[in-house]
Amino acid sequence: PLFDSFAKMYNLAKDKNKEKSVLIVMTDGEENSSKEISRDAVKAMVKDAEARNWQTIFLGADFDVTSFASSFGVQAANSLNMTAANYAPALQNLASMTRMYAATEAKMEFSVQDKANAIKQ
């Protein structure tokens, strides 16, 4: 239940009322079983997170997540498609970006090279 899970993660971050938060979604496919939250509600949460200067990242595990993430208002630079062979380096890159955001509030974005590295054979 991707939408329901996102809402729980968002609400936990919102309840903590932190200046900086990173919401990370990792999926291997589209939504198929949420019962409580709609796509529009998730889109509104993503918009609110952006207004708070929080970072929202969508990761696709062997799944082209870019167009899916954009349906929630997430920029292409904040989504990453990964193949199984590249999970570890892609997640290490994400960890580095998260540390940089925590230290300097640098916007988290995947470069063209990051995206190529995450799907290389």
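Contact here means that heavy atoms lie within 4.5 Å of each other. The structure is a predicted model, in which local features need pLDDT of at least 70 and side-chain atom pairs count only at pLDDT 80 or more, while totals for chains, interfaces and linings use all residues. Residues are numbered from 1 along each chain as its sequence is written, and side-chain values use heavy atoms, with hydrogens and water left out.

Helices (H or I, at least four residues) and strands (E, at least two) are DSSP runs numbered from the N terminus. In α1, Phe-3, Phe-6, Ala-7 and Tyr-10 meet Arg-39, Val-42, Met-45, Val-46, Asp-48 and Ala-49 of α2. The residues of this contact divide into 8 nonpolar, no polar and 2 charged; Ala, Val, Leu, Ile, Met, Phe, Trp, Tyr, Cys and Pro count as nonpolar, Asp, Glu, Lys and Arg as charged, and the others, Gly among them, as polar.

The axes of α1 (residues 2–16) and α2 come within 10 Å and cross at roughly 30°. Such axes are lines fitted to C-alpha atoms, for helices over the stretch in contact, with angles from 0 to 180 degrees between N-to-C directions. The two helices α1 and α2 are therefore roughly parallel to each other, a term for angles under 35 degrees.

On a 1 Å grid over the protein atoms alone, a cavity is a set of points where a 1.4 Å probe fits but cannot get out, and a pocket is an open set with protein on both sides within 12 Å along at least five of seven lines; lining residues have an atom within 4 Å of a point. A volume is the space filled by probe spheres set on the points, which are joined across faces, edges and corners.

The structure holds 1 cavity of 30 Å³ or more. Leu-2, Phe-3, Phe-6, Val-25, Val-42, Phe-58 and Phe-72 line the largest cavity, and the largest share of that lining, 3 residues, comes from α1.

The largest pocket contains about 150 Å³ of space. Its lining draws two or more residues from each of α2 (39–51) and β2 (55–61), and divides into 3 nonpolar, 6 polar and 2 charged residues.

Notes
Parallel < 35°, antiparallel > 145°, perpendicular 65-115°, else oblique.
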